[in-house]
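Subject: Structure handover

Dear colleague,

I am passing on the structure we spoke about, with notes on what turned up in it. Please look at the sequence and the model before reading on.

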Amino acid sequence: MNDVTRLATAGSGSTTDSGLFSTSNWIRFSGAGGTQITTSSPGLYHCTTYYSGWYSSSLPSSGETVNGTVCYTYSSSSCYYASIISVTNCGSFYVYNLVNPPISLMRYCTV
């Protein structure tokens, strides 16, 4: 997936991942749209959505798959909502088994 509007540095908008990941989807981020889900909160109203999603757990070592938490920033809380996803370290890149966010107007943000 290569989408520059997912970048943590992108401004606000009303884009949503709701319904995009309704089945098990292994996704690789690449190119100008970033190569991984950001591991720190970009703040509210970034990556062209209201609730910015970021990976708050430890990333796996090469060849490993782990379950971890994606947090969604809301109001003054950097982890007001959360989802569990799987992440695999493929050596030079990560792939993510993404799920639908808890509510609309949430999106995975990349760096």
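Which residues does Y96 touch, not counting residues up to four places away in sequence? With contact meaning heavy atoms within 4.5 Å, Y96 touches N25, W26, I27, F29, Q36, I37, I85, S86 and V87.

Before the rest, a word on the source: this is a predicted model, in which local features need pLDDT of at least 70 and side-chain atom pairs count only at pLDDT 80 or more, while totals for chains, interfaces and linings use all residues. Residues are numbered from 1 along each chain as its sequence is written, and side-chain values use heavy atoms, with hydrogens and water left out.

Turning to the disulfides (pairs of cysteine sulfur atoms within 2.5 Å), a search of the whole structure finds two. One joins C47 to C109, with S to S at 1.7 Å, and links the loop between β1 (25-27) and β2 to the segment after β6, 62 residues apart. C47 counts as buried because its relative accessibility is 0%, and C109 is likewise buried at 0%. The other joins C71 to C79 at 2.0 Å, and this link is left-handed, with -65° about the S-S bond. Here C71 is buried at 2% relative accessibility, whereas C79, at 34%, is partly exposed.

Finally, the structure holds eleven aromatic pairs, that is, rings of Phe, Tyr and Trp (its six-membered ring) with centres within 6.5 Å, counted as stacked if the planes are under 30 degrees apart, edge-to-face if over 60 and tilted for the rest. Y50 and Y51 form an edge-to-face pair, 6.4 Å centre to centre with 75° between the planes, while Y51 and Y74 form a tilted pair at 5.2 Å and 40°. Ring pairs link Y45, Y50, Y51, Y74, Y80 and Y81 into a cluster.

Terms used: Helices (H or I, at least four residues) and strands (E, at least two) are DSSP runs, numbered from the N terminus. Buried means under 20% relative accessible area, exposed over 50%, partly exposed in between (1.4 Å probe, protein chains only).
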